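Biologist: I would like to learn how to read a helix and a pocket from coordinates. Could we take one case and go through it step by step?

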Amino acid sequence: MGALSKSILLFVLNWLDAQLTIFWVRSNVATEGNGLMARLLDMGNAPFLITKLAIGAFAAYMLYRCSHLKTARYGMSLVLTVYFALMVVHATTGMSALG
């Protein structure tokens, strides 16, 4: 998988994480674990989503632009692994919420 594809995947996983977080928090199934993001979510969905997507887009872009560096390639692998683990957490939350 190329650097551009990985960056797009990172952004999509970040967007999906944001959407699922909003859904679980608004459904009173889970809470936001990041204190800063929890405050933004308390302000409303839009501030949370805009901030989350802006940070995710910046990270994806920087990791793409620096993909010629070994550190950036390692960082991309690490962050994609973390996001895949988060998707497992979201799936587990969903299964738990449904009984």
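Modeller: Helix 2 is followed by Gly44, which has a positive phi, near 140 degrees. Keep in mind that this is a predicted model.

Biologist: What lies at the start of helix 2?

Modeller: There, Asn34 places a side-chain oxygen within 2.9 Å of the backbone nitrogen of Leu36.

Biologist: Which residues of helix 2 are buried?

Modeller: Buried here means under 20% relative accessible area, and exposed means over 50%. In helix 2, Met37, Ala38, Leu40 and Leu41 are buried. They lie on the same side of helix 2, because the arc they cover around the axis is only 160 degrees. Leu36, Arg39, Asp42 and Met43 are exposed on the other side.

Biologist: What covers the buried residues of helix 2?

Modeller: The cover includes helix 1 and helix 3.

Biologist: Now the pocket. How much space lies in the largest pocket, and how many residues line it?

Modeller: The space is about 440 Å³, and the lining has 25 residues. Nearest the centre of the pocket are Asp17, Thr21, Glu32, Lys52 and Leu86.

Biologist: Which helices each supply at least two residues of that lining?

Modeller: Helix 1 (3-26), helix 2 (35-43), helix 3 (45-65) and helix 4 (70-98) each do.

Definitions and conventions: Residues are numbered from 1 along each chain as its sequence is written. This is a predicted model: local features need pLDDT of at least 70, side-chain atom pairs count only at pLDDT 80 or more; totals for chains, interfaces and linings use all residues. Side-chain values use heavy atoms; hydrogens and water are left out. On a 1 Å grid over the protein atoms alone, a cavity is a set of points where a 1.4 Å probe fits but cannot get out, and a pocket is an open set with protein on both sides within 12 Å along at least five of seven lines; lining residues have an atom within 4 Å of a point. Grid points are joined across faces, edges and corners, and a volume is the space filled by probe spheres set on the points. Helices (H or I, at least four residues) and strands (E, at least two) are DSSP runs, numbered from the N terminus. Buried means under 20% relative accessible area, exposed over 50%, partly exposed in between (1.4 Å probe, protein chains only). The arc is that of the directions from the helix axis to the C-beta atoms. Contact means heavy atoms within 4.5 Å. A polar contact is a pair of N or O atoms within 3.5 Å; within protein, one must be able to donate a hydrogen and the other to accept it, and residues adjacent in sequence count only if both atoms are side-chain atoms.
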